[in-house]
Amino acid sequence: MSYADFEARMARINDVICAVNLLGWDARTMMPPGGIDARGHQVATLTDLARDLATGEDMRRAMDGARDELASAPGDDIRRRALARAEAEIGTLSRIPSRIVSEMAGLKTRAHAAWAEARAKNDFAGYAPLLDRMMAMQREISAAIGGGVHPYDPLIGMYEPGMNYQRLQTIYARLKSALVPLIERAAAAPQPRMDFLERPFPIAEQKAFGLKIAARMGYDLNRGRLDDTVHPFEISFTRDDVRITSRFRETWAPGGIFALWHEAGHGMYEQGVAPEFSRTIFATDIVNLYAVGGASFGMHESQSRLWENRVGRSRRFWALHFGDLRDRFPAQLADVTEEAFWRAVNAVRPGFIRVEADELTYDMHIILRSEIEAALMAGDLGVADLPAVWAEKMRDYLGLAVPSDTLGVLQDVHWSHGYVGSFPTYTIGNIMSSQLFAKAQESGAIATGLEAGDYAPLHGWLAENVYRHGRSSTPEETLHRVTGGGLDPAPYIADLTAKVEALT
Ligand code: ZN
């Protein structure tokens, strides 16, 4: 058994989970509702197959052979890095007992159905027993993976390698102290005009505008495509087929186009992974059995938020592109200025729903969820007490009285799927997006390009510094290499402060 055997086995795993991704894309875009049960079996079978291939004896022997072969290779040989990464990820995957894996598969289906019904009926009590079981399973998974100081740490590490709750708490404290006064200041200022966003904007023209800009940003439609869905997402089956979805509504134009640019940001990352990393461990997340080239969930989110918010919600961006939008919608935007449009798409309004939150209040929704997840994992909080704690934190962080559990603790799908520890990656992504964008703008060519609506220099810089590395660097290594330091909320806080100053 040799390194080549290890690579061949890893390529087969990647092929299987790329096929799972494709089945998932189909289920969320094209599949008729009746296909759901059969599709569930197909995904479960292929995911089990990928797990068996990763944790089986043949892979272990291939890795032993590869290790022997590389014994005399230089320390910085990329093959050593690939092998070490595979060993670590397969180790984590192997520590989760098959008893838990199979119970989780059935539990997810039942919990998702119970969650959807509870949300529709505002009946938290009806969902609580399954949620309680799900949280117990998550504590078991955390204990099985092990490591870390806090029981939340192993779960955070599944999505953001190297991160832990202690570091997050330090970041959250800084964000809270900066964001709360900014939110108050923005909320106290006169609300911008938003009436025109409710006018009918024909969807085909919204898509044409959004896609034209996405292509200008660097999303390659020869290796990508856009489809409609309920909850927008990006998914890849190698760098050569990276699909995005959005949800367009005729009467709320910016929702669809900003979601499109968000997903295009994810898509450009996947399309930019070095070709030689295709079908390797550097384009494969073994812990989550997911085909992806991005270094972590947080680093991925940094790329979507960078294009959506740092570029797409800037004053400069609308100074450049509002004319095109108004040419497409002359009647709808006849009485709207470029400045009014920019203000409308940056309006700050504390609300109950995370996915509808503006840039300023978004992280408070994440901090609330993350603190609750940590308390649940530590056993400091029981599921029965969730609605009360949720309401208390919404009052403290956003000054809102939660009217129902549907608009509170029941709004997110994540927990019903067993995703505990993934919420923090949204805030980590926001922070990284500002760090990377600040560094990029130090380049004269990038700054000049942004002023002229030429996004090629920025795209090229991201491709060179972030995209092409795939999963061969950890998020922290990438940040150090590019910015000279680790995760630091200061540039993000500076961006949001500048935004509120411009808006008020
Ligand atoms: Zn995203």
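A: Here is a close look at the pairing of α5 with α6. Bear in mind that this is a predicted model, where local features need pLDDT of at least 70, side-chain atom pairs count only at pLDDT 80 or more, and totals for chains, interfaces and linings use all residues. Residues are numbered from 1 along each chain as its sequence is written.

Helix α5 covers residues 98–121 and helix α6 residues 124–145 (helices are DSSP runs of H or I, at least four residues, numbered from the N terminus). They pack at an angle of about 150°, with axes 9 Å apart; axes are lines fitted to C-alpha atoms over the stretch in contact, and angles run from 0 to 180 degrees between N-to-C directions. That makes α5 and α6 roughly antiparallel, a label for angles over 145 degrees.

So who meets whom? On the α5 side you'll find I100, E103, M104, L107, R110, A111, A114, W115, E117 and A118; on the α6 side, F124, G126, Y127, L130, L131, R133, M134, M137, E140, I141 and A144. Contact here means C-beta atoms, placed from the backbone, within 7 Å. By class, this contact has 15 nonpolar, one polar and five charged residues (Ala, Val, Leu, Ile, Met, Phe, Trp, Tyr, Cys and Pro count as nonpolar, Asp, Glu, Lys and Arg as charged, the others, Gly among them, as polar).

Methods: Helices (H or I, at least four residues) and strands (E, at least two) are DSSP runs, numbered from the N terminus. Angles under 35 degrees count as roughly parallel, over 145 as roughly antiparallel, 65 to 115 as roughly perpendicular and the rest as oblique. Two residues are in contact if their C-beta atoms, placed from the backbone, lie within 7 Å.
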